[in-house]
Amino acid sequence: MRRSGISVLIVTLAVTTLAVAGCKKKPPVAFPPASGGPATPAGGGNPPPPAPVPPQPPTIIDNPPVTSTAGKDLNAMTIDDINKLENSPLKPIYFLYDSDEIDDASKKILEANASVLKQYSTWVITVEGHCDERGTAEYNLALGDRRALSAKNYLMSLGIAADRLRTVSYGKEFPFDPGHEEGAWSKNRRAHFMLVSK
Amino acid sequence: MHRLQVRTALMGAAVAALATIAVPVATREVVATAQQTAPPQQAELSVTLSSTTKRTVLAVADFVVPSGDAEAAALSKLLSDVLWADFDFEREYSLVPRAKTASFGAPARPEDVAQQPDWGSSGAGADAVVIGTVTRSGKEFSVKIDIVGAPGSPAAGQIGFSSLYEHCSLANPRFCSHSIADDIHKKKRGLDGVARTRLAFSSDRDSARMGTRTGVLVSGKEIYVSDYDGANQQRFTFNNSLNIHSRWSPNGNQIVFTSYQTSFPDIYVADLAQAGRGLRRPGNGNDRVQNNQAAWSPDGSKIAYVSNRSGNYDIWIANADGGDARNLTNHPAADQNPTWSPNGQQIAFTSDRATGSTPQLYLIGISGQAIERLIDQRVDRPTWSTLGFIAFTSGANFGHDISLLDLVSRQVTVLTDGKGDNGSPAVSPSGRHIAFTTTRWGKEQIAIVDRRGSDVRQITNTGNNTYPSWQPIR
């Protein structure tokens, strides 16, 4: 894969926003917001509008999922319950094989996620980087790290504070779909968002 | 003809006797009473492994047990089966299949071998026969071993080796045979055998569920420890998260590994004797300081590991307790997989700095000096052997193989044969075998191949098993 392009334009942003991490290298990759800007948050305690449709959540392996967010007040729900929602307010984004680039579809999803994070301004999330089973386990740890950082940096470019965004790479250790073909792999190459405090 | 330089550390008998062994399985040092020629310092021996010279053909007889009960008979068969397998593994001798001599009985004395011509050239074809007599004493037993020239051989009837092994435990009789094999290999062949060493690896076999990912339940992996031959597989971690990258301390008493038990990867150190307890965290990690892939220096005084604390993956070095941590590679590319040179002065690692995505093999001095790319090809999970080569994962996508880089000639040899996807090599302490992960039998399993690329053995068969590491000789 190619490493994502690094824009000189965002170096200033990088220095200021990533100062907390003491990062003097690998400036975060940021992307200009898609035309039209971030999606408008839904009013009141209602859930945000549905984001542009990503690939469906992977096959359910075991327990039936908790029902959707429709009509639920996220402020009243526990962190665990929110994370278990089938129709999570924070949608995953998907990547091409061996890539950490944020494509246009993913940008729209991240814009919707950013809107949710702006609506729930105390939420802190972990961005998990995941990979499909191809490639060595060790290499995929680094690839998952790059994917998580790509998603984090794009959210930061949309105005989400760095201290609300943690990242972790699971490499290829936690496939969402255990299959061994592209249908499964495409679901497993993702950045996944987990609420950790609210 | 292959010629292997085997570095051999000869321990004094007193040291060997004092060394305490090892949980998870309760084992105690088996004491050999035969005279040990024990220079106080390390000696270097040269062992010639020949594929053209005829090896001595060895048969292992059923051992004699004093009582005729079924338990004793089973013990006898187990001890000789395991000893046979240990010899077969190291390939110093050519072994007569056990089934071929099953009807020959259990010789109690060297004369009994001499009187049974079937052992020799007119039958099983052995040059020599290993015989043993077991004596039980409470929960312990001892084994008297003799190696006797087989009928028809030039040394027919002569005793070529004799030793008494005491303090064998009924709780783990396999360890007794392993001790005998290592002792005979040492004294007869000058070889540091690995029969008493163990493997550590990760497995999802107990499939503890880590939590929910929007409707999908995710399984964790725990660290397990087994004998080198796959026997006695026992769970070592119990935290229901992801536990990977195990590596042994040079003294073989501790394991360092990466665990996600706080939701973020950090390196943990645990004593072999305290599975699941007493964890130490030399990386002092948190959600902003994530550490993984630790490896001890050969003298045990330092650790190298991967950390993202400077913003991306770099190789860091610290004292074994985590003190004086410093960034060794300090590069915006992803630097991973540190492995120490045998003299502790250099570290080999992988980096995608030249390619933007493909990891390649680099060498750096532990003061950060003299960085050098070793070969221009994709390399993952290098492991540096004391025998002057680095084992690594080569290839891409599903076509990974285990390869060896000779550090003198810079020649690369592919060890595995393209069957399945192969990765994460770990070199045995003698350098003669490589453990690795393979999918050739379906799920991910741990296998061992010898360093010529032959004699592949399956070590695990339950669940998915990955990231093997090989315990040093203690």
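**Aromatic pairs in this model**

Both B:Phe89 and B:Tyr228 are buried, where buried means under 20% relative accessible area, exposed over 50% and partly exposed in between, with a 1.4 Å probe and protein chains only. One note on the source: this is a predicted model, where local features need pLDDT of at least 70, side-chain atom pairs count only at pLDDT 80 or more, and totals for chains, interfaces and linings use all residues. Residues are numbered from 1 along each chain as its sequence is written, chains are lettered from A and ligands numbered from 1 in the order in which they are written, and side-chain values use heavy atoms, without hydrogens and water.

Now the pairing rule. Rings of Phe, Tyr and Trp (its six-membered ring) pair if their centres lie within 6.5 Å; planes under 30 degrees apart count as stacked, over 60 as edge-to-face and the rest as tilted. Over all chains, that rule gives 9 aromatic pairs.

Why is the pair of B:Phe89 and B:Tyr228 edge-to-face? Because the ring centres are 4.9 Å apart and the planes stand at 70°. B:Phe89 is in helix 2 (residues 70–90) of chain B, and B:Tyr228 is in the loop between strand 12 (222–227) and strand 13 (234–235) of chain B. They are 139 residues apart. Helices (H or I, at least four residues) and strands (E, at least two) are DSSP runs, numbered from the N terminus.

Next, B:Phe257 and B:Tyr268. This pair is stacked, with 6.0 Å centre to centre and 20° between the planes. Both residues are buried.

Last, a cluster. A:Tyr170, A:Phe174 and B:Tyr260 form one aromatic cluster.
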